[in-house]
Amino acid sequence: MPDASCSRHPAHPSREHSAGERRPAAWRSIGTLLASGLEWQLLGFAISFAVIAAFWRVNHRIMSGLRAVSPGTIVANLAVLRYLSDA
């Protein structure tokens, strides 16, 4: 496991805190977390998760209706999923 002094894994300036404090001040309570401006990132994460879950459910429903899946079908399915991931 790399230590904090490793040149490949330098310490992130915003993650530095005193030895007695284990997490940044914004993470001490839900109120301070939301007041720090993180609520928009959390909302974006929730929306992204819901959209990906909807696409996955539709894809799963379509693929489960097939009797047999050829290698070409798998490649086409992966191409569609790749396209959707860029959308």
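A: Helices (H or I, at least four residues) and strands (E, at least two) are DSSP runs, numbered from the N terminus. The protein chain has 2 helices and 0 strands. This is a predicted model, where local features need pLDDT of at least 70 and side-chain atom pairs pLDDT 80 or more, while totals for chains, interfaces and linings use all residues. Residues are numbered from 1 along each chain as its sequence is written, and side-chain values use heavy atoms, without hydrogens and water.

Of the 87 residues, 5% count as buried (under 20% relative accessible area; exposed is over 50%, partly exposed in between). The chain's accessible surface (Shrake-Rupley, 1.4 Å probe, only the protein chains shown as cover for residues) is about 7,900 Å². Carbon and sulfur atoms hold 65% of that surface.

Now the close look. Trp-40, Leu-43, Ile-47, Val-51 and Phe-55 form a nonpolar surface patch. Together they have about 530 Å² of accessible area. Phe-55 lies in helix α1, residues 30-64. Phe-55 counts as partly exposed because its relative accessible area is 41%.

Helix α1 has a partner. The axes of α1 and α2 (residues 71-86) come within 12 Å and cross at roughly 165° (lines fitted to C-alpha atoms over the stretch in contact, with angles from 0 to 180 degrees between N-to-C directions). Therefore α1 is roughly antiparallel to α2 (under 35 degrees is roughly parallel, over 145 roughly antiparallel, 65 to 115 roughly perpendicular, the rest oblique).

Note on methods:
Patch = residues over 30% accessible without salt bridge, like charges linked within 9 Å, V, L, I, M, F, W, Y side chains within 5 Å. Salt bridge = Lys/Arg side-chain N within 4 Å of Asp/Glu carboxyl O. Buried < 20%, exposed > 50% of the residue type's maximum accessible area, 1.4 Å probe, protein only.
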